[in-house]
Amino acid sequence: MALPDRILTNAELATMVDTSDDWIRQRTGIEQRHIADESETTSVLGTAAARRALASAGIGASDVDLIICATSTPDHTFPATATEIQHALDIHHGVAFDVQAVCSGFVFALATADKFLTSGSHKVALVIGAETFSRLLDWNDRGTCVLFGDGAGAVVLAAEQGTGTIADRGVLHSHIRSEGRYRDKLYVDGGAGSNGKVGHLRMEGREVFKHAVINLADTVEATLAATGLTGADIDWFVPHQANKRIIDATAHKLGVPGSRVVYTVQDHGNTSAASIPLALATAVGDGRIQRGQLVLVEAMGGGFTWGSALIRW
Ligand code: UT7
């Protein structure tokens, strides 16, 4: 994972907009977030996370033939941030592209990479979630600017012959969905194809909250049903980190106790597509997630988009 050095606390935010540490903690669970400086672009953070993931996997950049970067905050409208990362890693073969599904981006990228690997077309994938959401925020809108942060996380997936059962390591099942009817509940009011501006993030928080609780439970149930497992079988639940209350409600529905939920929302805020790989890296780094364990990830974001994946680590 890679996080900017600069930390913005709730107390500091309370000097910028009409909010309080108490309100932010109680409504979201967030205590602080990291904010990128000018030099820390999405590709810079994504490349740093990618290098660490490769080192941790013991795999050289030259073995990677697929790079998928999930982001809604690319360095430039084009080229894809994944190609910027491919260049930074000095990789001259294979393919690199971005996936844009906002906060669900990492789950969509993971599902996409898994399908490339299981089809046999590619062998080693770098899947990255990288964001600089601070650049999209309206710092006068207390309803959104207190929620988001910057960062990047990455994982390496490598194809190997399995048995086709849930004893195999890797992505056992993934389930992704979208429903464009709700595109105006969480969106950015600018874009290259409309007004030519970058724009600011706009959200109807209460509406998103309501749909998140329903959609996340649905997708997680679909993934569990496809594998014949239940919440009781899950070693670690690693949800998108938007709001502690949404995480708690989903874990409760799943029957997963808080001791098996990975929370990073307090330290990172909502880092959109980066939040799940940041949480994975945190829990692998401190020894909680161990090889062979079952890890369930889920996310919901603008579009709406949502999805989940069950992984044997
Ligand atoms: O990652 C993509 C998915 N995104 C999410 O999952 C976010 C989902 N939504 C949420 O997490 C929550 O809806 C929020 C944290 C955004 C808001 O919490 P809420 O409990 O839904 O609050 P609310 O929007 O209903 O606002 C309650 C009150 C309002 O005041 P009144 O109208 O009751 O007087 C707001 O004006 O809280 C006020 N408020 C604030 N007060 C202090 C809104 N933002 C703030 C703030 N500080 N930052």
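Student: Which helix gives the largest share of the shell around the ligand?

Tutor: In this predicted model, the largest share of that shell comes from α7, which supplies four residues. At least two shell residues each come from α2 (21–28), α6 (142–145), α7 (205–227) and α8 (244–254).

Student: How many residues surround the ligand, and which are the closest?

Tutor: The ligand is surrounded by 23 residues, and the closest of these are Thr19, Arg27, Arg206, Asn243 and Asn270.

Student: What does the side chain of asparagine 243 do there?

Tutor: One of its N or O atoms lies 2.7 Å from an oxygen atom of the ligand, while the side chain of arginine 245 has an N or O atom 3.0 Å from a ligand oxygen. With arginine 142 it is a backbone N or O atom that lies 2.9 Å from a nitrogen atom of the ligand.

Student: And how much of the ligand does the protein bury?

Tutor: The protein buries 75% of the 960 Å² that the ligand exposes when taken alone.

Student: Switching topic, which residues touch the most other members in the largest nonpolar core?

Tutor: That core has 31 residues, and those touching the most other members are Leu110, Val127, Val238, Ile276, Leu280, Val295 and Val297. Its largest share, seven residues, comes from α5.

Student: Where does this core lie relative to the two domains?

Tutor: It lies between them, because domain 1 (6–158) and domain 2 (170–312) both give residues to it.

Student: What is leucine 280 in contact with, leaving aside neighbours within four places in sequence?

Tutor: Leucine 280 is then in contact with Phe106, Val155, Val238, Ile289, Val295, Val297 and Trp313.

Note on methods:
Residues are numbered from 1 along each chain as its sequence is written. This is a predicted model: local features need pLDDT of at least 70, side-chain atom pairs count only at pLDDT 80 or more; totals for chains, interfaces and linings use all residues. Side-chain values use heavy atoms; hydrogens and water are left out. A nonpolar core is a set of buried Ala, Val, Leu, Ile, Met, Phe, Trp, Tyr and Cys residues joined through side-chain atoms within 4.5 Å. Buried means under 20% relative accessible area, exposed over 50%, partly exposed in between (1.4 Å probe, protein chains only). Domain bounds come from an automatic or database domain assignment. Contact means heavy atoms within 4.5 Å. A residue is near a molecule or strand if one of its heavy atoms lies within 4 Å of it. A polar contact is a pair of N or O atoms within 3.5 Å; within protein, one must be able to donate a hydrogen and the other to accept it, and residues adjacent in sequence count only if both atoms are side-chain atoms. Accessible areas come from the Shrake-Rupley method with a 1.4 Å probe; for residues, only the protein chains shown count as cover.
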